[in-house]
Amino acid sequence: MAKKSYTFPFIAVILVWSLVVGWLMTGIFQTPALAVSPEPVPASFQIGQQLYLENCAGCHVPFPPGVLPSESWLKIMENPGKHYGVEVPNIIRLTQRLIWEYLKAFSRPLVADEPVPVYIAQSRYFKALHPRVTLPESVNHQSCVVCHLNAASYDYQTLTPAWDNSL
């Protein structure tokens, strides 16, 4: 009569147990990753977001829509031929409309009698999003990358080490 070998079942049980424990530990101790976009973008706005990124990020970092009020975005989108002294090429009406719908959905309205900010540094939303930041005298489209390392990739959640635990 041959002896039964228990090596394979023993190794299989240890392997399954290790996988289950590892899976549970990952779920318990893992910090959820922050999304690149602070808000999930519904499918109906994803084309507008993609067009926004393609048309705007070619020249400067793409700003999250929430840093400017809807009224500012509307002024920008109404005349892309005169975008801060630069003509934006290849913006057709459909592209313009899809980008505007995305920006409108994820920006905020102004309060009554509030002036429409022309630049991001003038926006109270921008200032509210940076409550503990001493902003430089001149904030421009390149200032973001000083603190937001991946701003060019539309990731404003990843910060430089100096600001990493500031939220």
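**Note on a predicted helical chain**

1. Lys-104 counts as partly exposed, at 37% relative accessibility; here buried means under 20% relative accessible area, exposed over 50%, and partly exposed in between, with a 1.4 Å probe and protein chains only. The coordinates are those of a predicted model, in which local features need pLDDT of at least 70 and side-chain atom pairs count only at pLDDT 80 or more, whereas totals for chains, interfaces and linings use all residues. Residues are numbered from 1 along each chain as its sequence is written, and side-chain values use heavy atoms, with hydrogens and water left out.

2. Lys-104 belongs to helix H4, as does Glu-101, the two being 3 residues apart, about one turn of the helix. Their side chains meet in a salt bridge of 3.4 Å, N to O, a salt bridge being a side-chain nitrogen of Lys or Arg within 4 Å of a carboxyl oxygen of Asp or Glu. Glu-101 also forms a salt bridge with Arg-97, at 3.0 Å, N to O; this pair too lies in H4, 4 residues apart and again about one turn of the helix. Arg-97 is exposed, at 52% relative accessibility, while Glu-101, with a relative accessible area of 22%, is partly exposed. Side chains of opposite charge can pair when their charged atoms come close.

3. The structure holds 3 salt bridges, one of which joins the side chains of Glu-114 and Arg-124 at 2.8 Å, N to O. Glu-114 sits in the loop between H4 and helix H5 (124-128) and Arg-124 in H5, so the pair ties together parts that are 10 residues apart in sequence. Glu-114 is buried, with a relative accessible area of 19%, whereas Arg-124 is partly exposed at 35%.

4. Of its 167 residues, 31% count as buried. Among contacts (heavy atoms within 4.5 Å) with a separation of 6 or more, 65% come from residues 24 or more positions apart. The chain exposes about 11900 Å², of which carbon and sulfur atoms supply 64%; the areas follow the Shrake-Rupley method with a 1.4 Å probe, and for residues only the protein chains shown count as cover.

5. Helix H3 (residues 70-78) has a buried side that can be described residue by residue. Its buried residues are Ser-70, Ser-72, Trp-73, Ile-76 and Met-77. They cover an arc of only 160° around the axis, which puts them on the same side of H3, the arc being that of the directions from the helix axis to the C-beta atoms. The face turned away from this buried side carries the exposed residues Lys-75 and Glu-78, and the cover over the buried residues includes helix H2 (43-56) and helix H4 (93-106).

6. Two further buried positions deserve mention. Thr-160, in the segment after helix H6 (144-147), counts as buried at 11% relative accessibility. Leaving aside neighbours within four places in sequence, Thr-160 is in contact with Val-146, Cys-147 and Leu-149.

7. On confidence, pLDDT is the predictor's confidence in each residue, from 0 to 100. The chain averages 79, and 78% of the residues score at least 70. Confidence is highest in H4, with a mean of 95, and lowest in helix H1 (residues 7-29), with a mean of 59. Over residues 25-36 the pLDDT stays under 50, and the model has 8 contacts beyond four places in sequence for them. Where pLDDT is low, the predicted coordinates should not be read in detail.

8. A nonpolar surface patch of about 320 Å² is made by Phe-10, Ile-11 and Ile-14. Patches consist of residues with over 30% relative accessible area and no salt bridge, like charges being joined within 9 Å and nonpolar side chains (Val, Leu, Ile, Met, Phe, Trp, Tyr) within 5 Å. Ile-14 is in helix H1 and counts as partly exposed, at 39% relative accessibility.
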